[in-house]
Amino acid sequence: MSMSKIVRAAACVLLPFILVFGFYIVMHGHLTPGGGFQGGAVIATGFVLLMAAFSYDSITARLSKSSLTGGETLGLLLFIVTAAVALGLGGTFFGNWLANSGAIFGTPVAFGANPGNLNTAGVIPIMNLAVGIEVLGGLSVILLYMLSGVHEEVA
Amino acid sequence: MVLYNLPFIAAGLLMAFGIAAMLLRRNLIKMIMGLSLVEAGVNLLLVSLGYRAGGIAPIFTNAPRDLMVMPTVQAMTLTNIVIGIATTALLLSFVMVIYRRYGSAEADVVRRLRG
Amino acid sequence: MRVIITAVVVIVLSLAVLSAAAGLDFGSPVHTDMDDYFTGFGQVLTGGNNIVTDVVFDFRGFDTLGEATVLFTAVTGVGLAFRKRKEDEDYEYE
């Protein structure tokens, strides 16, 4: 039940831009409007575009449910591990153990308006990435499951 | 008269419409639409509670001035949106299972629990 | 009967919300201590320019952990609803 050739070609052209834009929203979550949830939802929208354009069988041949579920679990695990490392370093759970440390993502920031530096905010970019992976996998696998229900109904 | 608290009134009306849709409609999908309306009303209420007159979004990247709206309610709205997506997806999946079992999504037809 | 009960519920709820909204002043919130702290010190404490992201992932991290868990549970529930059934398995659950 795939759509016409024009829709399929347009989906293939649009998909890389949607992925790049979603990744930009995830990685600039601590500087500009956006974050893990929003960027993950944007990337999941790209996958939904593929699901709408192509047939169910050709989607599941490339994009398995187990890999998406694995990505979701990996995101949640990375999120919890990042929060729990602060316990091992003598801080509190969810403590920001990378902020103002001078290491990666650790450049100190003074109060006030600035042009923005990607190498700031401590653990927040890592958590953005983790939550982005989780939301991407979660929303995609929810819609893939619903599409499988519709597919069984039609077939 | 200037309606100075128009956003709160709009949020209350949205919630009232949603609850009316949940109570009056018999179709399960329309009930879920009512639930989504209530969620939208709550989101509007939260965001408008945190508005400060003349404030900008709480982001310091190239910010023109320092007066900002309140960030905590926006974070709670973000939480609410994601939980709303999760519950809506779960409810719609259950409606699909119910439709496959009963051949209908009307609440009058699905009456096995009435005994 | 159903319509009357619905009308009463909706009218009572609308009056409750509207009477609460009548006392509020849009554009000038009253209790702003916590948010003033976040906008004043969040940038120095966490280094992130986006205060909303700072609040979501740092100051209210437990909230986000619960939110991610809710999403994970919802995905598990959807997978259970659409799981592959065996040939002889009907939709009866008794």
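Okay, let's start with chain B, whose secondary structure comes to 3 helices and 0 strands; helices here are DSSP runs of H or I with at least four residues, strands are runs of E with at least two, and both are numbered from the N terminus. Before I go on: this is a predicted model, so local features need pLDDT of at least 70 and side-chain atom pairs count only at pLDDT 80 or more, while totals for chains, interfaces and linings use all residues. Residues are numbered from 1 along each chain as its sequence is written, and chains are lettered from A and ligands numbered from 1 in the order in which they are written.

Back to chain B, which reads α-α-α along the sequence. Its radius of gyration is 19 Å, well over the 13 Å that the globule rule gives for 115 residues, so chain B is more spread out than a compact globule. That radius is taken over C-alpha atoms, and the rule is 2.2 Å times the number of residues to the power 0.38. The C-alpha trace of chain B spans about 60 × 35 × 20 Å along its principal axes. Of its 115 residues, 35% count as buried, meaning 20 or more other C-beta atoms within 10 Å of a residue's own, with C-beta atoms placed from the backbone.

Now chain C: 4 helices, 0 strands, with 31% of its 94 residues buried. How far apart are the end C-alpha atoms of H1(C)? They are 32 Å apart, which agrees with the 32 Å that its 22 residues, 2-23, should span at 1.5 Å a residue; the expected span uses one less than the number of residues. H1(C) is hardly covered, with a buried count of 1 among those 22 residues. H3(C) is mostly covered: 9 of its 9 residues are buried, including C:Ile51, C:Val55 and C:Phe59.

So where do C and B meet? The contact takes 38 residues from chain C and 40 residues from chain B, with residues in contact if their backbone-placed C-beta atoms lie within 7 Å. H1(C) brings the largest share of chain C's side, 9 residues. By class, that side has 23 nonpolar, 10 polar and 5 charged residues. Nonpolar is Ala, Val, Leu, Ile, Met, Phe, Trp, Tyr, Cys and Pro; charged is Asp, Glu, Lys and Arg; the others, Gly among them, are polar.

Last one, A with B: 13 residues from chain A and 12 residues from chain B. Helix H5 of chain A, residues 124-154, gives the most to chain A's side, with 4 residues.

Methods: Buried ≥ 20, exposed ≤ 12 C-beta atoms within 10 Å, placed from the backbone. Contact = placed C-beta atoms within 7 Å.
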